[in-house]
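Subject: Structure handover

Hello,

Here is the structure I said I would pass on. My notes on what was found follow below it.

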Amino acid sequence: MFAPLVVQLDHALGHQRFIRLRGKAIAAHTQIINQFCDSVGLERPCRQHLIKVAHHNGRKLGLLA
């Protein structure tokens, strides 16, 4: 679903610039997830398990490039 957009963005921005932007986006996303998990009291092992499940589901759905 998002993979074609990501590939086009990589070509449009140039690979190095894309990688920097991607890293910043991943860091921001991770921070938001951690803040949410802290606010609802999720412990680290449960959080890590849920992230792995979400990653696996994203791959199956074609959301990851």
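The chain has three helices and zero strands, and from the N terminus on its elements run α-α-α. The radius of gyration is 14 Å, well over the 11 Å that the globule rule gives for 65 residues, so the chain is more spread out than a compact globule. Please keep in mind that this is a predicted model; every value here is computed from it.

Taken along the principal axes, the C-alpha atoms fill a box of roughly 40 × 25 × 15 Å. Of the 65 residues, 9% count as buried. The chain exposes about 5500 Å², and carbon and sulfur atoms supply 63% of that area.

Cysteines

A search of the whole structure finds zero disulfides.

D10 sits in helix 1, which covers residues 3-13. D10 is buried, yet has no salt bridge. Which side chain of opposite charge is nearest to D10, and how far away is it? That side chain belongs to R22, at 8.8 Å, whereas a salt bridge needs a side-chain nitrogen within 4 Å of a carboxyl oxygen. With neighbours within four places in sequence left aside, D10 is in contact with H15 and F18.

After helix 3

G62 lies in the segment that comes after helix 3 (44-61). With a relative accessible area of 25%, G62 is partly exposed. Its C-alpha atom is separated by 7.0 Å from that of A3, although G62 and A3 are 59 residues apart along the chain. A3 belongs to the residue range of helix 1 (residues 3-13), so that pair is a place to look when you open the file.

Regards

Key
Residues are numbered from 1 along each chain as its sequence is written. This is a predicted model: local features need pLDDT of at least 70, side-chain atom pairs count only at pLDDT 80 or more; totals for chains, interfaces and linings use all residues. Side-chain values use heavy atoms; hydrogens and water are left out. A disulfide is a pair of cysteine sulfur atoms within 2.5 Å. Helices (H or I, at least four residues) and strands (E, at least two) are DSSP runs, numbered from the N terminus. Buried means under 20% relative accessible area, exposed over 50%, partly exposed in between (1.4 Å probe, protein chains only). Lys and Arg count as positive and Asp and Glu as negative; His and the chain ends are not counted. Contact means heavy atoms within 4.5 Å. The radius of gyration is taken over C-alpha atoms; the globule rule is 2.2 Å times the number of residues to the power 0.38. Accessible areas come from the Shrake-Rupley method with a 1.4 Å probe; for residues, only the protein chains shown count as cover.
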